[in-house]
Amino acid sequence: MSSIFFQLLQAVLMVMFAPLVLGFVSTVKARLQNRRGAGIMQPWRDIQKLFNKEVVLADHASWIFRFAPYVVFTATVMAASVVPSLLLDTPLSLTADVIALVALLALGRFFLSLAGMDIGTAFGGMGASREMTFSALAEPAMLMSIFVLAIGAHSTNLTTMIAHTLHTPLLIQPSIAFALVAMLMIAIVETGRIPIDNPSTHLELTMIHEAMLLEYSGRHLALMEWASAVKLLLFATLIIDLFFPWGISGDASLVTIALALMIWIAKLMVLFVILAVMETSMAKLRMFEVPQYLGAAFVLAFLGLIIHYMLEVAV
Amino acid sequence: MNFFIATLLTPLLGGMVLGVLRNPKLAAKLNILTSVTTFTFSILLALQVLGQASLATFNGWFYLDAYNVFLVSLTAFVGMTTTIFSKPYMQHELEIGRVNEKRLRLYHSMYQLFQLGMLLGFTTNNIGVLWVSLELATLATVLLVSLYRTPASIAAAWKYFILCGMGIALALFGTILVFFTSSTILGHGNEALTWSLLYAHAGQLDPAVMGIAFCFLMVGYGTKVGLVPMHAWLPDAHGEGPTPVSAVLSGLLLNLALYALVRFKMLVDGSTHTDMAGHMMMGFGLLSLLVAAMALHKQRDIKRMFSFSSIEHMALMTFAFGIGTPLAAFAALLHMTVHSLVKSGIFFTVGHAAQVMGTQKMAEIRGLISHHPGIGWGLLIGTAAIAGFPPFGVFMSEFLLFTATLESYPWLAVPLLLGLLIAMGGLFRFVQPMVYGDTAEHAKHVHVNMMPVYIHFGLALILGLSIPMFLSQWYHQAAALIVGGGA
Amino acid sequence: MTFSQQFAQQIIDGMAALTLLISFSLLAQHRMLSVLRWFAGQGLLLAATAAVVAYSTGETELYISAMMTFLLKGLLLPWMLWRVIRKLHVHREVEPLMNSGITMVIAVAVTLFSFHIIQPIEVTSELLTRNSMAIATACVLLSMLMMITRKKAITQVIGFLAVENSLFFAAIGATNGMPLVVEIGIAFDVLIAALIFGLFFFQIRNTFDSMEIDTMQSSLIQKDDDE
């Protein structure tokens, strides 16, 4: 019974925390740039304001355009709710399969791109085509990097994989390091951060993710922004789960869960501070360099896989 | 008196002295003197070994058996005659300004260093040192090939360097793989690289590892042998380098690479007990023979043409060693001897011919016999000898090889004969107009020394008519050794 | 296997993985100086690997080759190349590569291939470094691939030296090091080769006014056509 409660708590936390995470990253960035920043709550305030605003629809918008924000949001929230953040073994953990997760995210992206093209503006179409090109390259790399871990655990189920990592003695495993680097590179692409995409840009020509949202307004835009925040948190949690799961709670008692929550937040903060530092110190890549970047990520993940077989599988 | 040390030290000391000696005439004489001394010591060494089956000295660092001792003498001999030839040749090059005195000093010094690498490679018992010395000989010749500093010679030397560097790296990798398996049996030290010990324990070496190692060694040392498709460096290096260098490249360096390959084949055969290594060598040999024979027809430069003939003959030897019967091994050894003699003799002649005519282009070399009968006849006799006409030694060895092929792989005799005939046609097609006809107008009179050429051809003739008793016994011993397989 | 041996094994495995990564990076670099930087890194990594293997096996000979590697491949060769690059004023040059995607696909295929042929024979070895044999093979072949894909003389030479580095890695990784005499001989040859290369760079520059291999080879072809 309590595990169902914690499952719910986990999902709600993921969704509620997500805008805070965005705020945290931009605050850290602001501090790094000697600004005060708008505060951690700012994204929440933005979303709230957008929900109260009227929706303006283009004349040519079809039902897909109106439908898409709900699909994107639901898919992302569904994906986020199955990723274990506090409790290892939850009622939904059987469905927490990595491939299903990637598929859910792909569903969201599919509708996002459709919506981008639906209006028929130049920027929307451009953004959609870029998004699809990059995701076509990013998804194999992401799966490849996850497979490095999945092969060791003999499963693509997240809970099983985490349990496997927790139970194996701490070894220097170069393959995992390779997979981690690849995964970080992919996560940056998937969540649309610098150096691939700049979430705060106003220059339409360089946009990828934002270009598809240009025509959205009101609660539709709020849902879209919220979904992308959830996605950022989701990827961070996924990386934590896969590579640094120590601290996640094994049983559904209140004390361990509280401890797990604190450890989770601490790990998130470390990760996002690193992200903020990177975003501050790096320039955006030119668009045509992104496929090379993704190729490098793919090769890294593949090397991790080969090295896993070469070095770590006992002969 | 230990003749090992003497044989190896002479070129080393000679090379060092020649490196600082400024007088070019004196240097040429000292070069000859060094090589004559080396040759004398190598003969004494051979006499010492002749009585015994094998000889190991310096805690087994050096090792001589029937197989390599005659190659040591052969190397020292061809090395010696080449220095005799090179004296007037390089003097002429100096006069027409293709080299200056500084480069001539480099030439003499590197020549002796090359000799050192060759002799060390043949006598060492350590497969690691064998690799090091082959690399040493390669590096020395790279500098020799680029001696003229023309764009083409630098490009040729670069190609030679890069391709052989790659090849030899693969060979080193093969050697490491051999060490990988042998160190589990012979301990983790020099013993595991000592050829005689490896040979004694060949049966214990892991066949799978040895098989893979041989693939790398085949491609690696095969590059240095000049086997197709790794042969691209060879015609350029021969064509652009000074002629004495072409002579020793063809006559000696290729032999060392093949020698190394055969040494490894003996180990691999002892380990795997299959014909894998032999079949690979036969395949590469036959392919190289056919490709070289056809490529020969397309050449326009006389030295490039004869370098393709070198590929053809190295291919024949590789093929013969690959067959692996005593008769074939005998034929290969004989062929190695006569090819070294005849081919270096031909290059001497070609070098003089090119100097007389002032060009290496075959279309502009005309009427050698009427202009300079010595060179003309030399080229004609040399070509007849290398093409396999009786009564020269090449005919003898090719005949033996043909017989051996008919014995073991009768259907392969057809492409073999085809390759030989195509190559022969190519040689005569080019040589005939160069030798006969009216003399070209641009012909000059150049001081030449044909003595080494006639010594080489004379020896090849003797080997063709009747092989001396001691030599044939030698060949038999060596052939038995090569074919014997691991203990 | 004791704990420290197991730990050493893990460190060596980690270094093997890094070596493979460096081989891939060398293949993908465009800029002259970054190629050189990765090459120097490879040399230093090699020296470190040799030292770790020496420590874990207790072989004193390996310390000497680790030292030699550090001085020769980690410092001297990169420094010499850097000098040459500076003197020839090519340090800013960017080299057009073969289609990098195709190169990477070939590189991955080469890695799989070496894994495929070497894996069966690794079983026969009892050394704690046996696992790195396949990686060493892959590195050798990858460096050769680098030599093939490069168009400039200097990067080709770095490829050549990277092959030597990989061979050294094969020697220490797969067999705990060749005997010292052979190791010194090989190092000596590499040094001589590097000196000759250095000499060549200036000759090529003076003769062809370019460091492109194609320009050079065309002089051979042209010569052939003239005749």
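H154(A) lies in the loop between α5 (122-153) and α6 (158-167) of chain A. Helices (H or I, at least four residues) and strands (E, at least two) are DSSP runs, numbered from the N terminus. The phi angle of H154(A) is near 60°, a positive value in a residue other than glycine. Is H154(A) buried or exposed? With 10 C-beta neighbours inside 10 Å, H154(A) counts as exposed. The cut-offs are these: a residue is buried if 20 or more other C-beta atoms lie within 10 Å of its own, exposed if 12 or fewer, and partly exposed in between, with C-beta atoms placed from the backbone.

This is a predicted model, in which local features need pLDDT of at least 70 and side-chain atom pairs count only at pLDDT 80 or more, while totals for chains, interfaces and linings use all residues. Residues are numbered from 1 along each chain as its sequence is written, and chains are lettered from A and ligands numbered from 1 in the order in which they are written.

Another residue of chain A, N34(A), has a positive phi of about 65° although it is not a glycine. N34(A) sits in the loop between α1 (2-32) and α2 (42-52) of chain A. N34(A) is exposed, having 6 other C-beta atoms within 10 Å.

The helix α2(A) leads on to a helix pair. The axes of α2(A) and α9 (residues 218-243) of chain A come within 7 Å and cross at roughly 150°. That makes the two helices, α2(A) and α9(A), roughly antiparallel. Axes here are lines fitted to C-alpha atoms, for helices over the stretch in contact, and angles run from 0 to 180 degrees between N-to-C directions. Angles under 35 degrees count as roughly parallel, over 145 as roughly antiparallel, 65 to 115 as roughly perpendicular and the rest as oblique.

Which residues of α2(A) meet α9(A)? They are P43(A), I47(A), L50(A) and F51(A), and their partners in α9(A) include L221(A), A222(A), W226(A) and A229(A). Two residues are in contact if their C-beta atoms, placed from the backbone, lie within 7 Å. The residues of this contact between α2(A) and α9(A) divide into 8 nonpolar, 1 polar and 2 charged. Ala, Val, Leu, Ile, Met, Phe, Trp, Tyr, Cys and Pro count as nonpolar, Asp, Glu, Lys and Arg as charged, and the others, Gly among them, as polar. An α-helix has 3.6 residues a turn, so residues three or four places apart point the same way.

The helix α9(A) is mostly covered, with 22 of its 26 residues buried. From its first C-alpha to its last, α9(A) reaches 38 Å, close to the 38 Å expected at 1.5 Å a residue. The expected span of a helix is 1.5 Å times one less than its number of residues.

Chain C has a helix pair with another arrangement. The axes of α3 (residues 60-88) and α7 (residues 180-208) of chain C come within 11 Å and cross at roughly 0°. That makes α3(C) roughly parallel to α7(C). Among the residues of α3(C) in this contact are I64(C), M68(C) and L72(C), and those of α7(C) include A187(C), L191(C) and A194(C). By class, the contact of α3(C) with α7(C) has 12 nonpolar, 2 polar and 3 charged residues.

Chain B contains 19 helices and 2 strands. With 487 residues, a compact globule would have a radius of gyration near 23 Å, and chain B has 21 Å, which agrees. This radius is taken over C-alpha atoms, and the globule rule is 2.2 Å times the number of residues to the power 0.38. Buried residues make up 65% of the 487 residues in chain B. Two cis peptide bonds can be pointed out: one runs from V228(B) to P229(B), with omega near 5°, and one joins P390(B) and P391(B), with omega about 10°. P229(B) lies in the loop between α8 (207-225) and α9 (233-240) of chain B, and P391(B) in the loop between α15 (373-387) and α16 (393-408) of chain B.

Now the chains together. No contact joins chain A and chain B, whose closest C-alpha atoms lie 16 Å apart. Of the 2 pairs of chains in contact, chains B and C share the most contacts. That contact takes 40 residues from chain B and 41 residues from chain C. On the side of chain B, α6(B) gives the largest share, 18 residues. In chain A, 15 residues are in contact with 21 residues of chain C. Here α11(A) gives the most to the side of chain A, with 10 residues. The residues of that side of chain A divide into 13 nonpolar, 2 polar and no charged.
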